[in-house]
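Biologist: Please take me through this model. I shall ask about one place at a time.

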Amino acid sequence: MPQGPQTFDALAVRTWCGLALESLGRAREEIDAINVYPVADGDTGTNLYLTVESAAAAVEAVFAGHAMAAASAPPSLADAVRAMAHGALIGARGNSGTILAQLLRGMAQVLAADSDSPHTDGQGLRQALRHAAESARQAVAHPVEGTVLTVATAAADAACDAEGDCGSVARAAYDGARVALTATTGQLAVLERAGVVDAGGRGLVAVLSALVQTFTGEAPRQTPGSAALPAQTDATPEGPDDAEAGTCGDGAAGESGPAFEVIYLLEADDAAVDRLRERLDGLGDSLVVVGGDGLWNVHVHVDDAGAAVEAGVEAGRPHRIRITHFGLGDVHAGGAGRPPRERAQRAVVAVVPGEGLAGLYAEAGATTVLARPGEPPASGELVQAVRRAHALEVVLLPNDADLRHTAAAAAEQARTEGVRVALIPTRSAVQGIAALAVHEPERRFDEDVVAMTSAAGATRYAEVAFAERQSWTMAGICQAGDVLGLIDGDVAVIGADVTTTAETVLDRMLAAGGEMVTLVLGDETPDAVATRLEARVREAYLAVDTVVYRGGRQGALLLIGVE
């Protein structure tokens with residue numbers, strides 16, 4: 001039998017992450033299929049995979065950095081586990097992924113405590129698994145048994161009872177987790193009715209299986225009907241994230257629950273996060289806040305997505321915000337005798353540049369992907385959003401000309417998964433607003449797409465922003481700090497004052513006519529700008545209406561749409 005290392009060092013961390021990614025890749029579809037409590041949306045396996053993928057990429061980056069520096073030795077154990085934990089934290093998806101990130105962070109806190117040690121032994125691994133389970137429970141607002149938390153605790157208990165090297169401890173943890181996973185079916189009525197085990201717990205078993213393989217060189221045998229797999233899969237639930245909220249544990253089966261899932265990274269201090277926990281706990285359920293040292297990952301289910309984001313803004317700096325609208329009839333659908341939810345007929349998925357716009361789109365029923373300045377989403381993130389929308393038909397709004405090819409790749413991937421996708425080539429969020437305003441799910445798909453495309457195409461778009469550097473433009477040479485007015489993507493005005501430049505841009509756009517002006521203010525743009533532009537429209541353009549929104553950290557000082 002091939003043997004792996006018997007101590008836990010940086011190379012073992014790298015191997016574990018790679019094997020865990022492979023294990024979750026093999027189990028992803030199965031895990032996606034079995035999450036039923038309390039929200040079913042069929043992406044727990046995918047979320048866990050993406051979380052570990054981010055962790056593995058961070059570890060690889062550390063090794064690559066050492067190679068570029070021509071270092072004679074590999075990274076230290078502390079370097080590797082800290083990278084693993086940080087990668088999982090920033091890449092965590094869904095409730096189950098967020099909890100897995102905290103499990104990995106808990107392990108890293110123990111394994112990196114002695115930064116000079118190149119490796120740890122079985123005793124160190126036992127302590128790491130115990131701290132991981134405890135810290136994950138502390139991160140969840142209202143833990144429930146029969147979830148991944150139960151499985152993690154059982155793994156830690158079994159590991160602490162084991163003697164020997166890392167291989168023996170890992171095998172004991174895996175065996176304990178496998179037994180606990182089988183028992184989850186009887187711990188939650190909704191799992192028992194569906195005849196499945198907890199999806200998040202199933203994912204953790206896959207990760208622990210990879211840990212065993214790291215030290216022994218051979219993966220534990222898992223066959224259909226074993227404790228690591230669902231007892232039966234006759235009831236194949238469709239739908240979110242995990243035992244998803246089941247891993248978090250709010251909401252008894254049979255109760256209705258919030259309509260939105262809100263996730264974001266947050267830069268804030270510990271005291272602000274404590275206040276945020278209290279605020280979010282009063283807004284919704286399935287609350288999980290993980291992280292530390294100034295960076296946190298926040299997950300919650302709420303009815304008021306905007307309030308959840310605003311709470312983050314009050315606490316610190318939220319970014320990478322993702323808001324998912326569960327849709328009518330699919331939130332916390334765990335009532336007795338209730339069948340698994342079917343896919344919605346149609347959904348809209350939109351890329352948006354700021355938190356305020358994300359809330360606006362979500363309240364209109366869209367599934368959103370936040371694009372921060374300098375952080376455009378990858379095609380995989382758009383595919384994930386299509387999956388979260390959980391619909392037979394999807395209208396995709398990229399809202400950025402530079403995302404055209406990315407969105408096209410995502411649409412093509414979603415089509416291979418059986419989703420009918422129409423890509424409307426919106427170039428700005430204001431064009432997306434116009435398209436969303438005429439969206440009618442009740443009419444035929446083609447008719448809806450034509451109407452939305454026409455509305456977007458009839459909307460001219462502009463933005464006002466500061467020049468970052470000296471540059472040649474269509475309007476002449478600009479200097480760093482100049483105010484630029486861009487119309488339909490090209491610089492049309494160079495000015496020194498935000499309000500004056502915006503007014504000039506608006507006049508040029510309305511010279512060709514218009515019925516509706518949409519203004520979206522960035523977080524640092526004073527209200528006086530919108531007040532002046534509204535007054536200008538009233539004074540000079542009869543029968544033209546104006547609406548104003550706050551876009552948040554959208555990059556541009558101002559977005560303008562004219563329909």
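Biologist: Which residues does Thr-501 touch, not counting those up to four places away in sequence?

Modeller: Thr-501 touches Val-483, Leu-484, Gly-485, Val-493, Gly-495 and Ala-496, where contact means heavy atoms within 4.5 Å. Please note that this is a predicted model, in which local features need pLDDT of at least 70 and side-chain atom pairs count only at pLDDT 80 or more, while totals for chains, interfaces and linings use all residues. Residues are numbered from 1 along each chain as its sequence is written, and side-chain values use heavy atoms, with hydrogens and water left out.

Biologist: Is Thr-501 buried or exposed, and where does Thr-501 sit?

Modeller: Thr-501 is buried, at a relative accessible area of 3%. Buried means under 20%, exposed over 50%, and partly exposed in between, for a 1.4 Å probe and protein chains only. The residue belongs to helix H18, residues 498-510. Helices (H or I, at least four residues) and strands (E, at least two) are DSSP runs numbered from the N terminus.

Biologist: Moving on, which residues touch the most other members of the largest nonpolar core?

Modeller: They are Phe-8, Val-13, Trp-16, Met-84, Met-107 and Leu-125, in a core of 80 residues. Helix H1 (residues 10-34) gives the most to this core, namely twelve residues. Such a core is a set of buried Ala, Val, Leu, Ile, Met, Phe, Trp, Tyr and Cys residues joined through side-chain atoms within 4.5 Å. A second, separate core has 49 residues, among them Ala-268, Tyr-361, Leu-370 and Leu-436.

Biologist: What does Phe-8 contact, leaving aside neighbours within four places in sequence?

Modeller: The contacts of Phe-8 include Val-13, Trp-16, Leu-77, Met-107, Leu-111, Leu-125, Cys-166 and Phe-215.

Biologist: How many aromatic pairs are there, and how are the rings of Phe-8 and Phe-215 placed?

Modeller: The count is two aromatic pairs. The ring centres of Phe-8 and Phe-215 are 5.4 Å apart and the planes stand at 75 degrees, so this pair is edge-to-face. The pair links distant parts of the chain, with Phe-8 in strand E1 (residues 8-9) and Phe-215 in helix H9 (residues 199-216), 207 residues apart. Rings of Phe, Tyr and Trp (its six-membered ring) pair if their centres lie within 6.5 Å, and planes under 30 degrees apart count as stacked, over 60 as edge-to-face and the rest as tilted. Both Phe-8 and Phe-215 are buried, and together with Trp-16 they form one aromatic cluster.

Biologist: Now the open spaces: what is the volume of the largest pocket, and which residues lie nearest its centre?

Modeller: The largest pocket holds about 1,100 Å³. Its lining has 41 residues, and Asp-400, Asp-402, Glu-463, Gln-554 and Ala-556 lie nearest the centre. On a 1 Å grid over the protein atoms alone, a pocket is an open set of points with protein on both sides within 12 Å along at least five of seven lines, a cavity is a set where a 1.4 Å probe fits but cannot get out, and lining residues have an atom within 4 Å of a point. Grid points are joined across faces, edges and corners, and a volume is the space filled by probe spheres set on them.

Biologist: Which strand gives the most to that lining, and how does the lining divide by class?

Modeller: E11 gives the most to the lining of the largest pocket, with five residues. By class the lining has 24 nonpolar, eight polar and nine charged residues. Ala, Val, Leu, Ile, Met, Phe, Trp, Tyr, Cys and Pro count as nonpolar, Asp, Glu, Lys and Arg as charged, and the others, Gly among them, as polar.

Biologist: And what lines the largest cavity, by class?

Modeller: The lining of the largest cavity has 14 nonpolar residues, with no polar and no charged ones. The cavity contains about 130 Å³ of space, and Leu-103, Met-107, Leu-129, Leu-204 and Leu-208 lie nearest its centre. Helix H4 (94-111) is one of the elements that supply at least two lining residues, and H4 gives the most, with four.

Biologist: Finally, how many residues of helix H12 are buried?

Modeller: Eight of the eleven residues of H12 (residues 305-315) are buried, so the helix is described as mostly covered. Among the buried ones are Ala-305, Val-309 and Ala-315. They pack against strand E3 (260-267), helix H11 (270-283), strand E5 (295-302), E6 and helix H13 (355-363).
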